[in-house]
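This briefing goes through one protein model by topic. Please keep the sequence and the 3D view open while reading.

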Amino acid sequence: MATGRTHRPATRSRGIPEATVARLPLYLRALTALSERSVPTVSSEELAAAAGVNSAKLRKDFSYLGSYGTRGVGYDVEYLVYQISRELGLTQDWPVVIVGIGNLGAALANYGGFASRGFRVAALIDADPAMAGKPVAGIPVQHTDDLEQIIEDNGVSIGVIATPAGAAQQVCDRLVAAGVTSILNFAPTVLSVPDGVDVRKVDLSIELQILAFHEQRKAGEEATPNGAGPVVATRKESTDQGPDGDVPAVMPA
């Protein structure tokens, strides 16, 4: 079976924009749900609604895949699943290591969606000697002393960091030095990596803070009489101006 060490997705060589790449998993999730219901074809409008994008953007994205659909019929669901899976590199096995087996790391290890989406948890790694050998999700935890050997033995190119912030950069450096070229970072810190290494950051606290901002704004709108909208700029003497000379009412979300 192929591993992530010797195969890379075709998206970059085909010139697919990063914004399109970021939406492909949304389309794949919606298409997979349709496939499971044995739906043979889907229109761009229906699929766009299921994926949460507009249909014009969807059609543009699919043009990069060479898939335009059939007028009056729509897109073939199974063929699109194959096309998108191939572009994302999901038609092969991608071994993944998770470093940091605390509550979050253990939850990730127990997540059942990895295998069905082309990923195999090859190893769980933690710095706590007391964790060594303990099974989590049926996989024995290994110590960080063996990180480099684990990466080599399993041909790993994707690493997941779920450590505390203070340990994340050191773990990242070791993963990169061992040959890992893609990292999913759950630690609440920004990682520094060399060119050629991709990092995707997942910060749950930031996502909650953004939601809190929107909740506060909605509460302000509800408190404004006659639905006139939020009262934001109340200091008449403010000299802060926007690009057109006006005081900006609301900072962009």
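**Briefing**

The buried residues of helix 8 pack against strand 3, helix 7, strand 7 and strand 8; helices (H or I, at least four residues) and strands (E, at least two) are DSSP runs, numbered from the N terminus, and contact means heavy atoms within 4.5 Å. The model is predicted: local features need pLDDT of at least 70, side-chain atom pairs count only at pLDDT 80 or more, and totals for chains, interfaces and linings use all residues. Residues are numbered from 1 along each chain as its sequence is written, and side-chain values use heavy atoms, with hydrogens and water left out.

**Overall**

- The chain has 9 helices and 9 strands.
- Of its 253 residues, 37% count as buried; buried means under 20% relative accessible area, exposed over 50%, and partly exposed in between (1.4 Å probe, protein chains only).
- Among contacts in the chain with a separation of 6 or more, 57% come from residues 24 or more positions apart.

**Helix 8**

- Helix 8 covers residues 165-178 and lies across strand 3, strand 7 (158-161) and strand 8 (182-185), running at about 170° to strand 7. Axes are lines fitted to C-alpha atoms, for helices over the stretch in contact, and angles run from 0 to 180 degrees between N-to-C directions.
- The end C-alpha atoms of helix 8 are 21 Å apart, which agrees with the 20 Å that its 14 residues should span at 1.5 Å a residue; the expected span is 1.5 Å times one less than the number of residues.
- Ala168, Val171, Cys172, Leu175 and Val176 are buried in helix 8. Seen down the helix 8 axis, the buried residues fall within an arc of 135°, so they line one face of the helix; the arc is that of the directions from the helix axis to the C-beta atoms.
- Gly166, Gln170 and Ala177 are exposed, on the face of helix 8 turned away from its buried side.

- Seven strands form an open sheet with mixed pairing, in the order 5-6-4-3-7-8-9; two strands pair if DSSP finds at least two bridges between them.
- At the edges are strand 5 (135-136) and strand 9 (198-201), each pairing on one side only.
- Strands of a sheet pair through backbone hydrogen bonds, either parallel or antiparallel.
- Strand 5 is antiparallel to strand 6 (residues 139-143), over 2 bridges. Here proline 135 stands opposite proline 140 of strand 6.
- Strand 4 runs parallel to strand 6, with 3 bridges joining them. Leucine 124 has valine 141 in strand 6 as its bridge partner.
- Strand 3 and strand 4 also run parallel, joined by 6 bridges. Phenylalanine 119 in strand 4 is the bridge partner of tryptophan 94.
- Strand 4 is largely enclosed by the rest of the structure, because 6 of its 8 residues are buried.
- Helix 7 (residues 147-154) lies across strand 3 (94-99), strand 4 (119-126) and strand 6, at about 165° to strand 4.

**Tryptophan 94**

- Tryptophan 94 lies in strand 3 and counts as buried, at 3% relative accessibility.
- Valine 156 is 62 residues from tryptophan 94 along the chain, and their C-alpha atoms are separated by 7.6 Å.

**Helix 2**

- Ser44, Leu47, Ala48 and Ala51 are the buried residues of helix 2 (residues 44-51). They fall within an arc of 100° seen down the helix 2 axis, so they line one face of the helix.
- These buried residues of helix 2 pack against helix 1, strand 1 (41-42), helix 3, strand 2 (75-76) and helix 4 (77-87).
- Glu46, Ala49 and Ala50 are exposed on the face of helix 2 turned away from its buried side.
- Glycine 52 follows helix 2 and has a positive phi, near 80°.

**Aromatic pairs**

- The whole structure holds 4 aromatic pairs; rings of Phe, Tyr and Trp (its six-membered ring) pair if their centres lie within 6.5 Å, with planes under 30 degrees apart counted as stacked, over 60 as edge-to-face and the rest as tilted.
- Tyrosine 27 and phenylalanine 62 form an edge-to-face pair, 5.0 Å centre to centre with 75° between the planes. This pair links distant parts of the chain, 35 residues apart: tyrosine 27 is in helix 1 (residues 18-36) and phenylalanine 62 in helix 3 (residues 55-63).
- Tyrosine 27 and phenylalanine 62 are both buried.
- One aromatic cluster is formed by Tyr27, Phe62 and Tyr75.
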